[in-house]
Amino acid sequence: MSLTPNSIYIALYIRTDPPIPDNFHWALYLHRHDAGNKYHITNESTGWVAAHAPESAILKSFLLVGLIRLADLPSSQAALDEADQLIRSYDNQVNEMGFTCRTWLFKVLELLKKKGLLCGDKDLDMRVLEREVMDWGNEEAGDAVSNVQPRPVRVSAVCGFEI
């Protein structure tokens, strides 16, 4: 499956070999056309830091399990800029708020939902979304260890997409 322009994805990464169930690194990926931006926080020796950066080959990333599409944004630059700003909202507070990569991601998704950029009018239960992503990640984790290509891309059933 190819990536959809102007769409937001969860990027899920294994942390260990062999993989431990439900133990992932979580990131967001906003795909533009041929590339996009990867948004995540990482735990450095001094605490958590925002580590957002352009990404041109996310599907070949080391330890990537795969991507799950959550939302299609309007193609206007204003909508893309708004999403980028919302995703960066907590960048200077990641340690004060006690985030992990997973809790940061879900807090950002709540902001996107409140602004109408995630799952439209559908009532979104973040716990159900989290479980959907982890169950899928557990199923696919072995292929990430083996570097099976291409990495899987799927769409979220929770966000109203049909699988």
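The legends below describe close-up views of a predicted model. Local features need pLDDT of at least 70 and side-chain atom pairs count only at pLDDT 80 or more, while totals for chains, interfaces and linings use all residues. Residues are numbered from 1 along each chain as its sequence is written, and side-chain values use heavy atoms, with hydrogens and water left out.

View 1. A disulfide is a covalent bond between the sulfur atoms of two cysteines. With the cut-off set at cysteine sulfur atoms within 2.5 Å, the whole structure contains 0 disulfides. Cys101 is in none, and the nearest cysteine sulfur belongs to Cys159, 18 Å away. Cys101 has 1% relative accessibility and therefore counts as buried (buried means under 20% relative accessible area, exposed over 50%, and partly exposed in between, with a 1.4 Å probe and protein chains only).

**View 2. Ala53 in strand β6.** Strand β6 covers residues 53-55 and includes Ala53 (strands are DSSP runs of E, at least two residues, and helices are runs of H or I, at least four, numbered from the N terminus). Ala53 has a relative accessible area of 34%, so this residue is partly exposed. Apart from neighbours within four places in sequence, Ala53 is in contact with Gly36, Asn37 and Lys38 (contact means heavy atoms within 4.5 Å). Asp22 is 31 residues from Ala53 in sequence, and their C-alpha atoms are 25 Å apart in space.

**View 3. Glu55, a buried residue without a salt bridge.** Glu55 also belongs to strand β6. Glu55 is buried but forms no salt bridge, and the nearest side chain of opposite charge is that of Lys38, 5.1 Å away. Here Lys and Arg count as positive and Asp and Glu as negative, with His and the chain ends not counted; a salt bridge needs a side-chain nitrogen of Lys or Arg within 4 Å of a carboxyl oxygen of Asp or Glu. The Glu55 side chain reaches the backbone nitrogen of Ile58 at 3.3 Å. Beyond four places in sequence, the contacts of Glu55 include Tyr29, Ala35 and Ser61.

**View 4. Aromatic pairs.** Rings of Phe, Tyr and Trp (its six-membered ring) pair if their centres lie within 6.5 Å; planes under 30 degrees apart are stacked, over 60 edge-to-face, and the rest tilted. The count is 3 aromatic pairs. Tyr9 and Tyr29 have ring centres 6.4 Å apart and planes at 45 degrees, so their pair is tilted. This pair links distant parts of the chain, with Tyr9 in strand β1 (residues 7-14) and Tyr29 in strand β2 (residues 24-31), 20 residues apart. Tyr9 and Tyr29 are both buried. For Tyr90 and Phe99, the centres are 5.4 Å apart and the planes at 70 degrees, so the pair is edge-to-face. Tyr90 and Phe99 are buried.

Terms used: A polar contact is a pair of N or O atoms within 3.5 Å; within protein, one must be able to donate a hydrogen and the other to accept it, and residues adjacent in sequence count only if both atoms are side-chain atoms.
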